[in-house]
Amino acid sequence: MATRWGICSAGKISHDFTVALKTLPPEDHQVVAVAARKLEDAQEFAKKHSIPKVYGSYEELARDPDVDVVYIGVIHPCHLKTCLLYTNAKKNVLCEKPLAMNTKEVKEILASAKLNDVFFMEAVWTRFFPASVEIRRLLAQGEVGDVKMVRSEFGWPVLHVPRSTQKELGAGAMLDLGVYCLQFICMVFNGEKPECIQAMGVCQETGADETVIVTLKFSRNRMAVFTCSSGMKLVNDAVIVGTNGIIRVPEHMWCPTSLVVNGEETQYPVPEPYLPLNFINSTGMRYEAEEVRQCLLKGLKQSAVISHADSLLLAEVEDEIRRQVGVTYSQDCQ
């Protein structure tokens, strides 16, 4: 039986996720409903994607008995309220990253998912790409020896987008872009908490961080460094240095389609979309969707690839980085 998806929000990322779902077998994945704050937006979205049910409020979607799992594509300042709406309605949830504005909110969301006994996962899509699966295999088998150093970066000039400048919309390079670099480092170090975090950054006039550079020290003198920026395009790659070799993820490290292992490159292409996408390689969201299906079939409440503990670790490190750079949101004061 197909996993029946409800889409919460008719924005750009929800469009791409729905296109990605269509690259999977229809007997496995079906989009049965979409909800937006404005009914006409949901209707337009449904028409474009041939979705049978349309709702003009998120609450109506929460009450739909035919929805197995809800994909949440709203902006992250709205994640807490929206996640709680669906977990309290006993719906399984896949919520876009970053999961919330701070650790306190993340804890509240995860506690609600546990209390209501539903599956919940943060949509850190990068971890499910075939290239990322291969990185974990290579590391587990010691292909490059002991990891000594990790570097990653993600910079994209997006300051023309209100969401990237206005703090009430969750603006800030760390939460929007840096989360990809951080999750990569946390994946390589297998969810270990860094012993030391040092962050420096440049903020916009609005108080949101524009460029941040972070150095992390892990046990056994292993190091990591990452740079994120909403003001400039960076090289956007990632490198893992081991005692016996190097793994490099070329440009678009957040949605990787190739890997270079000790100088040898392998391609991992994503499927072609049936409609134009808003973001690069978005059909790669199919992999996280399939992970959700497999977890639901097994009766699991979280994924081992991006567990609740992983989401909590990301939030805790993000909070400390923001503290050092001097970025606070209204949610931090509540």
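Helices α6 and α7 are roughly parallel to each other (angles under 35 degrees count as such). This is a predicted model, in which local features need pLDDT of at least 70 and side-chain atom pairs count only at pLDDT 80 or more, while totals for chains, interfaces and linings use all residues. Residues are numbered from 1 along each chain as its sequence is written, and side-chain values use heavy atoms, leaving out hydrogens and water.

Let us stay with this pair. Helix α6 covers residues 130-140 and helix α7 residues 173-188; they pack at an angle of about 30 degrees, with axes 10 Å apart. On the α6 side, Ser132, Ile135, Arg136 and Leu139 make the contact, and on the α7 side Phe184, Met187 and Val188 do (contact means heavy atoms within 4.5 Å).

Asp176 lies in α7 and Arg163 in the loop between β7 (147-155) and α7, 13 residues apart. Asp176 is buried at 13% relative accessibility, whereas Arg163 is partly exposed at 30% (buried is under 20% relative accessible area, exposed over 50%, partly exposed in between, with a 1.4 Å probe and protein chains only).

Next, look at helix α9 (residues 308-325), where Glu320 and Arg323 sit three residues apart, about one turn of the helix. Their side chains meet in a salt bridge of 2.8 Å, N to O. Arg323 is exposed, with a relative accessible area of 58%.

In total, the structure holds 17 salt bridges.

Conventions: Axes are lines fitted to C-alpha atoms, for helices over the stretch in contact, and angles run from 0 to 180 degrees between N-to-C directions. Helices (H or I, at least four residues) and strands (E, at least two) are DSSP runs, numbered from the N terminus. Angles under 35 degrees count as roughly parallel, over 145 as roughly antiparallel, 65 to 115 as roughly perpendicular and the rest as oblique. A salt bridge is a side-chain nitrogen of Lys or Arg within 4 Å of a carboxyl oxygen of Asp or Glu.
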